[in-house]
Amino acid sequence: MTNLPLKCRCGEVTGCATDVSPTSGNRVICCCCDCQAFAVYLGREEDVLDESGGTELFQMSQSQVTIQHGQDKLQSMRLSDKGLLRWYTSCCNTPVGTTMNAKMPFVGVVHSFIDVPNRDAVLGPVKAVVQTQYAKGVPHYPKHFPKFPLGVTLGIVGKLLLWKLQGKQKPSVFFGDDGRPVSKPIIASDQADA
């Protein structure tokens with residue numbers, strides 16, 4: 001297990017993910033239209049999305065993530081009223097990760113917030129490339145799936161249950177003790193309608 005440094009593009013927000021190893025989480029590339037829309041919303045398509053529109057994520061428990069500097073720059077948004085909470089830094093629009101809610105210990109940390117030169121050495125290989133029905137063009141990944149394959153789904157559900165039993169939804173840099181997000185989510189669909 002190792003501690004994984006986290007940093008936004010401009011360096012105003014820094015943190016750490018603790019006790020990280022290839023088996024402590026789930027490394028995937030997601031090509032879904034929502035991950036693509038998040039990168040577009042932030043104006044960060046060039047350094048977040050790969051050529052097929054995929055976003056690399058490391059899924060871990062919320063309690064593993066700490067922010068040492070710039071907590072006040074952590075901002076949340078949703079693509080729609082009921083959408084997942086997507087976190088980014090207000091200083092430079094670096095995507096941080098995706099959470100469900102305060103009760104679910106899960107966070108998918110976006111690769112652009114992970115501050116290590118060789119993610120393979122720390123996180124191991126990508127376990128799956130998923131949601132490729134939304135990929136741009138013909139996906140050129142060696143092995144990919146139009147949805148989430150059963151094995152990957154069962155793996156993350158197993159980890160979620162274990163993290164839930166261990167209380168790893170707290171402490172959370174994303175939610176207060178009252179279960180509310182630390183920043184009021186911007187709803188992108190409301191902005192589009194305005």
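Modeller: The following answers go from the whole protein to single residues. This is a predicted model, in which local features need pLDDT of at least 70, side-chain atom pairs count only at pLDDT 80 or more, and totals for chains, interfaces and linings use all residues. Residues are numbered from 1 along each chain as its sequence is written, and side-chain values use heavy atoms, with hydrogens and water left out.

Colleague: How many helices and strands does the protein have?

Modeller: The protein has 5 helices and 11 strands. Helices (H or I, at least four residues) and strands (E, at least two) are DSSP runs, numbered from the N terminus.

Colleague: What is the radius of gyration, and what would a compact globule have?

Modeller: The protein has a radius of gyration of 16 Å, which agrees with the value near 16 Å for a compact globule of 194 residues. The radius is taken over C-alpha atoms, and the globule rule is 2.2 Å times the number of residues to the power 0.38. Along its principal axes, the C-alpha trace spans about 45 × 40 × 30 Å.

Colleague: What share of the residues is buried?

Modeller: Buried residues account for 50% of the 194. Buried means under 20% relative accessible area, exposed over 50%, and partly exposed in between (1.4 Å probe, protein chains only).

Colleague: Which residues have the most contacts inside the largest nonpolar core?

Modeller: They are Val-65, Val-109, Phe-113, Ile-114 and Phe-174, in a core of 25 residues. Strands that each supply at least two residues of this core include β1 (2-7), β5 (65-69) and β9 (106-110). Another core, of 12 residues, lies apart from it, with Val-28 and Leu-49 among its members. A nonpolar core is a set of buried Ala, Val, Leu, Ile, Met, Phe, Trp, Tyr and Cys residues joined through side-chain atoms within 4.5 Å.

Colleague: Now Val-107: where is it found?

Modeller: Val-107 is found in strand β9. Val-107 is buried, with a relative accessible area of 0%. Leaving aside neighbours within four places in sequence, Val-107 is in contact (heavy atoms within 4.5 Å) with residues including Phe-58, Met-60, Val-65 and Phe-174.

Colleague: And Ser-63, is it buried or exposed?

Modeller: Ser-63 is buried, with a relative accessible area of 19%. Ser-63 is found in the loop between β4 and β5. Beyond neighbours within four places in sequence, Ser-63 is in contact with Lys-168, Lys-170 and Pro-171.
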